[in-house]
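Hi everyone, thanks for making time this morning. Let me put the sequence and the model up on the screen, and then I'll walk you through it.

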Amino acid sequence: MDGELFEHKPERVADYFVVVGLDPDVVPLQDEPFAFCDERYQGGHNLEMPSAATEEKAGSAKESYEAAVNRVLNTRYRAAVLDRFPQDDYSDSALPPQVAMFALPEGLTVKESCRLPTFCIVLF
């Protein structure tokens, strides 16, 4: 092999470390299932802002507590990169802007409770 191909190889194990979580803007995603071949979903722009009817319902005093909880629990929210290391891009490999959608393609949902973690310890 030609030694020139590997002459400028970066000396790092991983390019970036990212923490992905709930977008601080708390943006709901569309209710329909993801269709990655659909052009609306390219580049992570699969967002739908709440309609006027949804906002009116949310602000209405007639909406019960249970209905409000169900609305929140049945909504998916956009993920975002919350932190990253290093903070600046490398010159030879930029951090892709779609990293949050790659990590959590279906967004985030809120749960009332969660299962406790289970551990399996094996000794030989």
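So, what pattern does the protein follow when read along the sequence? The pattern is β-α-α-β-β-α-β, which comes from 3 helices and 4 strands. Helices here are DSSP runs of H or I with at least four residues, strands are runs of E with at least two, and both are numbered from the N terminus.

A word on ground rules. This is a predicted model, where local features need pLDDT of at least 70 and side-chain atom pairs count only at pLDDT 80 or more, while totals for chains, interfaces and linings use all residues. Residues are numbered from 1 along each chain as its sequence is written, and side-chain values use heavy atoms, with hydrogens and water left out.

Let's start with the overall numbers. The protein has 124 residues, and buried ones make up 20% of them. Buried means under 20% relative accessible area, exposed means over 50%, and partly exposed is in between, using a 1.4 Å probe and protein chains only. The accessible surface comes to about 10400 Å², with 58% of that belonging to carbon and sulfur atoms. Those areas come from the Shrake-Rupley method with a 1.4 Å probe, and for residues only the protein chains shown count as cover. As for contacts (heavy atoms within 4.5 Å), take those with a separation of 6 or more: residues 24 or more positions apart account for 77% of them.

Now to the charged residues. How many salt bridges does a search of the whole structure find? There are 4, where a salt bridge is a side-chain nitrogen of Lys or Arg within 4 Å of a carboxyl oxygen of Asp or Glu. In general, side chains of opposite charge can pair when their charged atoms come close.

Please look at D23, in the loop between β1 (17-22) and α1 (52-59). Is D23 buried or exposed? D23 is buried, at 8% relative accessible area. R78 forms a salt bridge with D23, and their closest N and O atoms are 2.4 Å apart. R78 sits in the loop between β2 and β3 and D23 in the loop between β1 and α1, so this pair ties together parts that are 55 residues apart in sequence. Leaving aside residues up to four places away in sequence, D23 touches R78, A79 and A80.

Next, D92 and R12. Their side chains meet in a salt bridge at 2.6 Å, N to O.

One more pair is D89 with R84, whose closest N and O atoms are 2.6 Å apart in a salt bridge. Here D89 is partly exposed at 41%, whereas R84 counts as buried at 17%.

Then there's R76, in strand β2 (residues 76-77). The backbone oxygen of E106, however, lies 3.2 Å from a polar atom of the R76 side chain.

F17, V19, L82 and F85 make a patch of about 430 Å². Patches are made of residues with over 30% relative accessible area and no salt bridge; like charges are joined within 9 Å, and nonpolar side chains (Val, Leu, Ile, Met, Phe, Trp, Tyr) within 5 Å. The elements giving two or more residues to this patch are β1 and β3 (79-85). L82, in strand β3, is partly exposed at 45%.

The peptide bond from F85 to P86 is cis, with omega near -10°, and P86 is placed in the loop between β3 and α3. In the loop between β1 and α1, V26 has phi near 50°, a positive value in a residue other than glycine. V26 counts as partly exposed, at 42%.

How values were computed. A polar contact is a pair of N or O atoms within 3.5 Å; within protein, one must be able to donate a hydrogen and the other to accept it, and residues adjacent in sequence count only if both atoms are side-chain atoms.
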